[in-house]
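Dear colleague,

Please find below the structure that I am handing over to you.

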Amino acid sequence: MKQNTFKVTAISFLLMITACSEPLVVIPGGKLDGQVQPTPELWNQVADTIQVEMRSNDPYSINIWAAGLGPNLYMATSKDGTRWTEFLTADPNVRARVNGTLYKLNVTQVSDPEERASVIAAYVSKYELEADGEWVKDGQIFRLDRR
């Protein structure tokens with residue numbers, strides 16, 4: 001009896017996850033719901049986690065940490081990237097939900113050392129990261145620009 005209850009619970013949980021289009025913690029989702037709004041002039045109050053939807057022809061969305069620095073919004077990943085970094089290379093147009101509001105943005109990889117240093121400092125401060133950690137020094141940083 002206990003085994004059947006576990007199976008039913010596990011199957012129900014999996015069905016709920018796959019039925020959702022929204023990303024769930026570390027599980028990617030599909031198209032983000034919401035009405036697109038004009039992009040703010042400043043990204044001063046950015047929640048710890050935002051959702052980013054890429055690949056508009058087959059939407060793929062993720063939850064990710066982000067940092068706002070004045071007029072710029074940033075997200076980052078490890079040096080080697082992840083599954084979604086190749087999606088950004090193929091199509092830099094994304095939609096991001098920040099603080100519950102959806103925006104159309106365009107992703108640019110950041111290579112300028114001064115800009116990278118500013119973003120790294122913002123991440124270290126916001127997320128209490130070790131400043132000399134491998135991700136911090138070598139990670140890929142992306143700026144989400146207005147389109």
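The notes below go from the overall fold to the core, and then to some individual residues.

**Overall fold**

Please bear in mind that this is a predicted model. The protein has four helices and six strands. Along the sequence, these elements follow the pattern α-β-β-β-α-β-β-α-α-β. Of the 147 residues in the protein, 37% are buried.

**The nonpolar core**

In soluble globular proteins, nonpolar side chains tend to be buried together. Here, the largest nonpolar core has 33 residues. Val52, Met54, Leu73, Met75, Trp84 and Leu144 have the most contacts inside this core. The elements that each give two or more residues to the core are strands S1 (49-54), S2 (60-69), S3 (72-77), S4 (93-98), S5 (101-109) and S6 (140-146), together with helices H2 (83-90) and H3 (113-127). Helix H3 gives the most, with six residues.

Leaving aside neighbours within four places in sequence, Met54 is in contact with Pro59, Tyr60, Ile62, Trp84, Phe87, Leu88 and Val94.

Which residues of H2 are buried? They are Trp84, Thr85, Phe87 and Leu88. These four residues lie on the same side of H2, because they cover an arc of only 155° around the axis. The face turned away from that buried side carries the exposed residues Glu86, Thr89 and Ala90. The buried residues of H2 pack against strands S1, S2, S3, S4, S5 and S6.

Phe87 deserves a separate look. This residue of helix H2 has a relative accessibility of 10%, and therefore counts as buried. With neighbours within four places in sequence left aside, Phe87 is in contact with Met54, Arg55 and Tyr60. Phe87 and Tyr60 are 27 residues apart along the chain, and their C-alpha atoms are separated by 8.9 Å. As for Arg55, its charged end sits over the ring of Phe87, 4.3 Å from the ring centre.

Beyond its neighbours within four places in sequence, Thr77 is in contact with Thr82, Trp84, Thr85, Trp135, Gly139, Gln140 and Phe142. Two of these partners, Trp84 and Thr85, are among the buried residues of H2.

**Aromatic pairs**

How many aromatic pairs does a search of the whole structure find? It finds five. One of them is formed by Tyr123 and Tyr127; this pair is tilted, with 5.5 Å from centre to centre and 35° between the planes. Tyr123 and Tyr127 are separated by about one helical turn, because they are four residues apart in helix H3. Both of these tyrosines are buried. Together with Trp65, Tyr123 and Tyr127 form one aromatic cluster.

Yours sincerely,

A colleague

Definitions and conventions. Residues numbered from 1 in each chain as written. Predicted model: local features only at pLDDT ≥ 70, side-chain atom pairs only at ≥ 80, totals over all residues. Heavy atoms only, no water. Core = buried A, V, L, I, M, F, W, Y, C linked by side-chain atoms within 4.5 Å. Buried < 20%, exposed > 50% of the residue type's maximum accessible area, 1.4 Å probe, protein only. Contact = heavy atoms within 4.5 Å. Arc of directions from axis to C-beta. Phe/Tyr/Trp six-rings, centres within 6.5 Å; stacked < 30°, edge-to-face > 60°. Lys NZ or Arg CZ within 6 Å of the ring centre and 35° of its normal.
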